[in-house]
Amino acid sequence: MKTHAQVVIIGGGVVGCSILYHLAKFGWKNVVLLERKELTSGSSWHAAGVIHTINADPNIARLQGYTINLYKELEELSGQSCGIHRPGGIYLASTPERLDYLKQERAKARYMGLETDFISLEHARELNPLIDPSKYLGALFEPVDGHVDPSGVTHAYAKGARHYGATVYRETPVLETNPRADGGWDVVTPAGTIRAEIVVNAAGLWAREVGRLAGIDLPVQPMEHHYLITETIPEVRDHGKEVAVTVDYEGNAYTRQEHDGLLLGTYETNCVPWAVSGTPLDFGHELLQDDLARVTERLETAFERMPALSRAGIKKVINGPFTFGPDGNPLIGPVPGLKNYWTAVGVMAGFCQGGGVGLCMAEWLIDGEPSIDVWGMDIARFGEFATRDWGRIKSAENYSRRFILTYPNETLPAGRKQKTTALYDRLIQRGAVMGTSFGLEHALWFAGSPDKATETPTFRRSNAFSYVAEEVRAVREAVGFIEIANYAKHEVSGPGAEAFLDRMLANRLPKLGRLALTPMLTRKGKLYGDLTVARLGHDRFFLFGSSAAQNMHRRWFEMHLPDSGVAYHNRTDDLHGIAIAGPKSRELLSRITSQDVSAAGFKFRDIRPMVVGEVPTMVARVSFSGELGYEIYCAPQYQLRLFEAIEEAGADLGLRIYGGRTLMSMRLEKNWGVWTLDFRPDFTAAESGLDAFVAFDKESDFVGKRAALEERAAGPKKKLVTLVVNTKDVDCVADEPIFHDGKCVGYVTSGGYGHWVKKSLAMGYVPTALAKDGTRLQVELLGDFYDATVTAKPLYDPSGARMRS
């Protein structure tokens, strides 16, 4: 056995073998895969092997397309059959709401270059003679869908990896993973110890056990999953060609052809987490005891919609475990706080996603960043709140909702109140409808009383619309306040802090007591942060940013920290707070502090310690609302008193509490993008417009500077624009295609309604030549096309005079 490797991958399922293959293909030869038994042991061997491109996240959909197209290459290279079948896939809708969902998926496919499109129900029956067209309203067809042989695919990856020089050890369980002083790992097995520079946990069913060897608890959970294989069905046998893979959402079933019968699977709502206390170490190529009673209701529904199934005998029942993550997506990438330890776990759709996961992991390991934004799969989207028990609850919820429609304005009930602030009960008393960000409950909007605090899930405007409009009006005309505990706060200090941040951030650092906006870039010039940096001392800085991305940014800072002279701390949970905004916000603040908060005494982008409402705070004169405003930060134990002081002092000023939906409406009126939507690693500073905050001429060779300078010289190929969309009862959310002269030229990254300007607004990326004020475009929304116009200047206060007043 080898004693040293650049990378040791633990787990010989389809994901581990794909990562090994891609690393070796891209040039890293000294890479090793350790499999405790035989390749495919665990989940891979009994998977249904269905492949498809549809995914709620367009980037994951792209990776699924990559995976599907990779199989031919694998076969040719390895000589191993992948058992590829490509009869296409039918997605069936039997409710108007599901039809709207399929229209959204078809729309996304347009800008991804896929051939996905609607077909008639008669055509659908030609592709699958078992369906009863009278049960459905519409059918979407994806021509690349099909299924593969799970064992063949896994062994093809392994053979391809060996071809490129990688090493596979079977029957080699990992006993220990011990961190080394040099940042590497000692991976201990019965056959010896390998000194690994990097460890990748791709252990599938055993991901939790392998994680614990390194001292981490991963929030993934194996779930029992049934599918059955029928005896011969005459309609299938006599069809003359392979029956299309079919997904019946309301029937909660998927099918594909298996010989002259069908394979039928379902995701039951009364699902069963498996091996909650831990996956048995002697489990391998076994199955679980079937329990058809648990899926009987689903089967009866399938029989109604495909009557021939009711006449078919059952040849075989499969009940096997596979691992889910809390939101149904994989958890991949470097683990924050754990040096040189990576994961690729929770990949429940391994034969759709395994190739794409392997590609991204290899790019990330070798180049330092993947070629596309993988936020939807990044393990950093979870933090300490994502405990093992919470992961079990959320994974079970996700499993049970696999074919249940989730609307863009819908928040799911499981695992809630995992993190709350001192204001939670007060917000609920005032009728808050709550959402979550990085596990923390925060107010979306306020209904006025708890008995009204529900929102109707919909693709169109909901019952929240009028309430948000009133919140916006209060901020624009008087003063509003919002909890800001969910803003991320990072502290960087020490004698080397200034030099460190000067290298990490693209803008110049502010002077003492001042704030500056700055992008953070990757080496290739992609966006990796949209931050506000504050200098609180000569060698002490705070950075404010996206709550959702706090662990991602923590990891980025820690990966680049020098050996000494700089200390980094994520202070998000140490500082909560409240923001006030509106033309009367200065008057309100002056009533609860003795300090000078006049326009001259407390200038725009100032930050300073201040006693507010009798409690110690840190106050920044900025606001994401576009109004005069202040962000008031305090320790959690002071937040309730601060809240009361603000409410009492603002009672006669028209003060109104508001939520995140209102903030999102107001920022659209200012043409301001947000992280994870408009700003993310898919885009560059020049494309996003954040190059306005890049100090290209500063002496520091900041990360991404060379790439940013090259792009500035060449000019960006696309630009972020704001659109006024001519709609009536529906607004853009994200991922809607943008058209010019009938051709798809871009896509929406975020959208909503501007309640003050009374217009439907969207932000999105289009070719630079079209990013001009007044350019006429169209946006596809729920299957209809709406006229849209580029607006270069903000519709509200384009000069910014109000926020600087």
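Predicted model: local features only at pLDDT ≥ 70, side-chain atom pairs only at ≥ 80, totals over all residues.
Trainee: What is the strand order in the open sheet of 8 strands?

Mentor: The order is 5-6-4-13-14-15-12-16, and the pairing within this open sheet is mixed.

Trainee: And which strands stand at the edges?

Mentor: Those are strand 5 (117–119) and strand 16 (314–324), and because each has a single partner strand, one side of each is left without a neighbour in the sheet. From one strand to the next, the twist averages 25 degrees.

Trainee: In what sense do strand 4 and strand 13 pair?

Mentor: Strand 4, residues 89–93, and strand 13, residues 245–248, pair in the parallel sense over 4 bridges, and within this pairing Ile90 stands opposite Thr246 of strand 13.

Trainee: Which strands does helix 3 lie across?

Mentor: Helix 3, made of residues 96–112, lies across strand 4, strand 5 and strand 6 (138–142), and runs at about 145 degrees to strand 4. Helix 11, residues 388–400, also packs on the sheet, where it touches strand 12 (221–230), strand 15 (261–266) and strand 16, with a direction that makes about 25 degrees with that of strand 12.

Trainee: Which strands are joined to strand 18 by bridges?

Mentor: Strand 11 (residues 192–201) runs parallel to strand 18 and is joined to it by 3 bridges, with Val200 having Trp342 as its bridge partner. Strand 17 (residues 331–334) runs antiparallel to strand 18 and is joined to it by 4 bridges, and here Ile332 has Ala344 as its bridge partner.

Trainee: What do strand 17 and strand 18 form?

Mentor: They form a hairpin with 6 residues between the two strands, and Gly337 in the turn has a positive phi of about 85 degrees.

Trainee: Last one, is Glu669 buried or exposed?

Mentor: Glu669, which is found in helix 18 (residues 660–669), is buried, because its relative accessible area of 0% is under the 20% cut-off.

Trainee: What does its side chain reach?

Mentor: The side chain of Glu669 reaches the backbone nitrogen of His755 at 3.2 Å. Leaving aside residues up to four places away in sequence, Glu669 touches several others, including Arg476, Trp756, Leu761 and Tyr796.

Methods:
Residues numbered from 1 in each chain as written. Heavy atoms only, no water. Pairing = 2+ DSSP bridges. Axes fitted to C-alpha atoms, helices over the stretch in contact; angles between N-to-C directions. Contact = heavy atoms within 4.5 Å. Buried < 20%, exposed > 50% of the residue type's maximum accessible area, 1.4 Å probe, protein only. Polar contact = N/O pair within 3.5 Å; in protein donor to acceptor, adjacent residues only side chain to side chain.
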